[in-house]
Amino acid sequence: MAVTIRGKRLPLPILQGGMGVGISLDRLAGAVAACGGMGTISTAFCGFQEPDFAQNPNAANLRALERQVKHAKELSKGAGLVAVNAMVATSQYADSVRTALRAGVDAVVCGAGLPRDLPAIAAEVPESDAALAPIVSGGRAASLICKLWDKHYGRVPDFVVLEGPLAGGHLGFSKEDALESQAGRPKPLSDLLREVLDALAPFQEKYGRDIPVFVAGGVKNGAEMRRYMDEGAAGAQFATRFIATEECDASEGYKQALLDARQEDITIVQSPVGLPGRALRSPLIRRVEAGTQPRPDRCVKCLVPCDFKTTPYCISRALIAARNGDWENGLFFCGANAGEVDRLSTVREQMEQIIEEWRNAR
Ligand SMILES: Cc1cc2nc3c(=O)[nH]c(=O)nc-3n(C[C@H](O)[C@H](O)[C@H](O)COP(=O)(O)O)c2cc1C
């Protein structure tokens, strides 16, 4: 079941999805990698705990990111791989990628926009041979990114993450599609997987190698992972279930909010980034819906598409508040199956359970 990614061995086909802000940092990513999976640090505002974060967020984030990548690699003991997740829509995107590459990260995974120029950014750090991967929501995006990278850089993605409409956080789908899939209509992830495999086929042939695809978003367990693997996926990416682990970098308050959540508490919000997002219906969301949320009073321009003059709240501050367990003011991102997370465990238990379910599904 091992997968080879840019010449490196990933013993288990399990990716832990990047979770910002501050939910997947070095501890969670390192623990997943130590079990043989790919652990992912979210670069989004990852320096929020640095003493100078309020005065100089950019420097604080890059300093913290370098330290976190190195620490996660140490924790991994070389068993699995350590990745970073960088959002194209953030103003620090390119700097974060360069910093992570210099710190020795094994893979860079980019979403919230198409990472058109990712190979050019990576080429600025020639000492790194990290794998580069886009997050796509279907065949069109997969085909477009392959065409662009092939034409301009003579390379194609080392792997692809296909994120379906049941994922947590920002979604590459309309609010309607996200809600429909949550309402139990036939899951389209299998159809999207077929599209993506078809889109990648000509590039696999041209480059004479496999482009592994990992499915993400509402993949419940190892049995479902196996079904997608039978349909051509290399493995799966999981996120929400890793929040309720001892090693997860979120506060106890965030973990408890997730454990307390029932299926009916999950909603789709319109994020200031301009994309729909899946989150718990916390007091902040209720105030935004009612039009009673006070507008933000300052802005560090962290997100390119966010407009300070019109945004109903500052998403970065809301995500940091959630990370710190502030139920009143936090934006608590979660996947569509969050209601099923009902106990705190360890990363090792989660990994073993997924593998056990995968084995038993045969
Ligand atoms: C709390 C939370 C934060 C997330 N933040 C990010 C992020 O910063 N960047 C990103 O590409 N995906 C983000 N995601 C999406 C996950 O990486 C992942 O693809 C998806 O949630 C997997 O589905 P699952 O949670 O049902 O397992 C986030 C998901 C959650 C639950």
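This is a predicted model: local features need pLDDT of at least 70, side-chain atom pairs count only at pLDDT 80 or more; totals for chains, interfaces and linings use all residues.

Visitor: OK, which domains does the assignment give?

Guide: The domain assignment gives domain 1 as residues 3-250 together with 343-360, and domain 2 as residues 253-338. Taken over C-alpha atoms, the centres of domain 1 and domain 2 are 22 Å apart.

Visitor: And what area is buried between domain 1 and domain 2?

Guide: About 2,900 Å² is buried between domain 1 and domain 2, with carbon and sulfur atoms giving 66% of that area. On the side of domain 1, the residues that lose the most area to domain 2 are Phe45, His170 and Gln182, which together account for 20% of what that side buries. In terms of contacts, 38 residues of domain 1 touch 31 residues of domain 2.

Visitor: How many salt bridges or polar contacts cross that interface?

Guide: The rule finds 0 salt bridges between domain 1 and domain 2, whereas it finds 14 residue pairs in polar contact across their interface, counting pairs with both residues at pLDDT 80 or more.

Visitor: Which elements of domain 1 give two or more residues to that side?

Guide: Those elements are β9 (169-170), α6 (175-182) and α9 (240-243), and α6 gives the most, with 5 residues. The residues on the side of domain 1 that touches domain 2 divide into 19 nonpolar, 14 polar and 5 charged.

Visitor: Switching topic, how many salt bridges does the structure hold?

Guide: The structure holds 23 salt bridges. In one of them the side chains of Arg6 and Asp129 meet at 2.8 Å, N to O. Arg6 sits in the loop between β1 and β2, and Asp129 in the loop between α4 and β7, so this pair ties together parts that are 123 residues apart in sequence.

Visitor: Which residues are linked with Arg6 in a network?

Guide: Arg6 and Asp129 are linked with Arg155, Asp158 and Arg209 in a network of salt bridges.

Visitor: What about Arg63 and Asp52?

Guide: Their side chains meet in a salt bridge at 2.7 Å, N to O. Arg63 lies in helix α2 and Asp52 in the loop between β4 and α2, so the pair ties together parts that are 11 residues apart in sequence. Arg63 is partly exposed at 35% relative accessibility, and Asp52 is partly exposed at 22%.

Notes
Residues are numbered from 1 along each chain as its sequence is written. Side-chain values use heavy atoms; hydrogens and water are left out. Domain bounds come from an automatic or database domain assignment. Contact means heavy atoms within 4.5 Å. Buried area is the accessible area (1.4 Å probe) that two parts lose on being put together, summed over both. A salt bridge is a side-chain nitrogen of Lys or Arg within 4 Å of a carboxyl oxygen of Asp or Glu. A polar contact is a pair of N or O atoms within 3.5 Å; within protein, one must be able to donate a hydrogen and the other to accept it, and residues adjacent in sequence count only if both atoms are side-chain atoms. Helices (H or I, at least four residues) and strands (E, at least two) are DSSP runs, numbered from the N terminus. Ala, Val, Leu, Ile, Met, Phe, Trp, Tyr, Cys and Pro count as nonpolar, Asp, Glu, Lys and Arg as charged, and the others, Gly among them, as polar. Buried means under 20% relative accessible area, exposed over 50%, partly exposed in between (1.4 Å probe, protein chains only).
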